[in-house]
Amino acid sequence: QVQLVESGGGLVQPGGSLRLSCGASGSCISAMGWYRQAPGKGRELVATVTGGSVTTYADSVKGRFTISRDNARNTVYLQMNSLKLEDTAVYYCNAVRAYIAYWGTGTLVTVPT
């Protein structure tokens, strides 16, 4: 079993920045990443990073968000810059071990009008 603990969400003005963190218990974790779910919408991928630091990003966040990982601490980060109204969502941390996906409980990011 892998447990994920997220932190760093909050309220930020348009154009501002936030940094999300997610620590994972356990070992042998392969990919880690962030997904989000906006009000009334489905969950979507934001960014992922493998153990070898290969990254993928949703087109909507490319150039604004950066995912990074500390393998020694089993921690993944999401640096979010130039935040927009449409980035408002609950952000979920994800980790994969032995082809099983684990999820955090989510952290809310709000970019107000």
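**The cysteines and their setting**

Tutor: Happy to. The chain has 11 strands and zero helices, and this is a predicted model. Read from the N terminus, the elements run β-β-β-β-β-β-β-β-β-β-β. With a radius of gyration of 13 Å, close to the 13 Å that the globule rule gives for 113 residues, the chain is as compact as a globular protein of that length. Its C-alpha trace spans about 40 × 25 × 20 Å along the principal axes.

Now to the sulfurs. A pair of cysteine sulfur atoms has to lie within 2.5 Å to be called a disulfide, and by that rule the count comes to one. The partners are Cys22 and Cys93, with an S to S distance of 2.0 Å. This bond links distant parts of the chain: Cys22 sits in strand 3 (residues 18–24) and Cys93 in strand 9 (residues 89–97), 71 residues apart. As for handedness, the torsion about the S-S bond of Cys22 and Cys93 is about -85°, so the disulfide is left-handed.

How accessible are the two ends? Cys22 has a relative accessible area of 0% and is therefore buried. Cys93 likewise counts as buried, because its relative accessibility is 0%.

Cys28 tells another story. Its sulfur lies 17 Å from the closest cysteine sulfur, the one in Cys93, which is too far for a bond. Cys28 is exposed, since its relative accessible area is 69%.

Because its relative accessible area is 0%, Asp87 counts as buried. Setting aside neighbours within four places in sequence, Asp87 is in contact with Arg36, Arg64, Phe65, Ser82, Val109 and Val111.

Ser82 lies in the loop between strand 8 and strand 9, and it has a positive phi of about 50° although it is not a glycine. Ser82 is partly exposed, with a relative accessible area of 40%.

Tyr99 counts as exposed, because its relative accessibility is 84%.

To finish, here is the chain as a whole. Of its 113 residues, 42% count as buried, and Cys22 is one of the buried residues. Among contacts with a separation of 6 or more, 53% come from residues 24 or more positions apart. The accessible surface of the chain comes to about 5800 Å², and carbon and sulfur atoms hold 52% of that area.

How values were computed: Residues numbered from 1 in each chain as written. Predicted model: local features only at pLDDT ≥ 70, side-chain atom pairs only at ≥ 80, totals over all residues. Heavy atoms only, no water. Helix = DSSP H or I, 4+ residues; strand = E, 2+ residues; numbered from the N terminus. Buried < 20%, exposed > 50% of the residue type's maximum accessible area, 1.4 Å probe, protein only. Contact = heavy atoms within 4.5 Å. Rg over C-alpha atoms; globule rule 2.2 N^0.38 Å. Areas by Shrake-Rupley, 256 points an atom, 1.4 Å probe, with all protein chains shown as cover.
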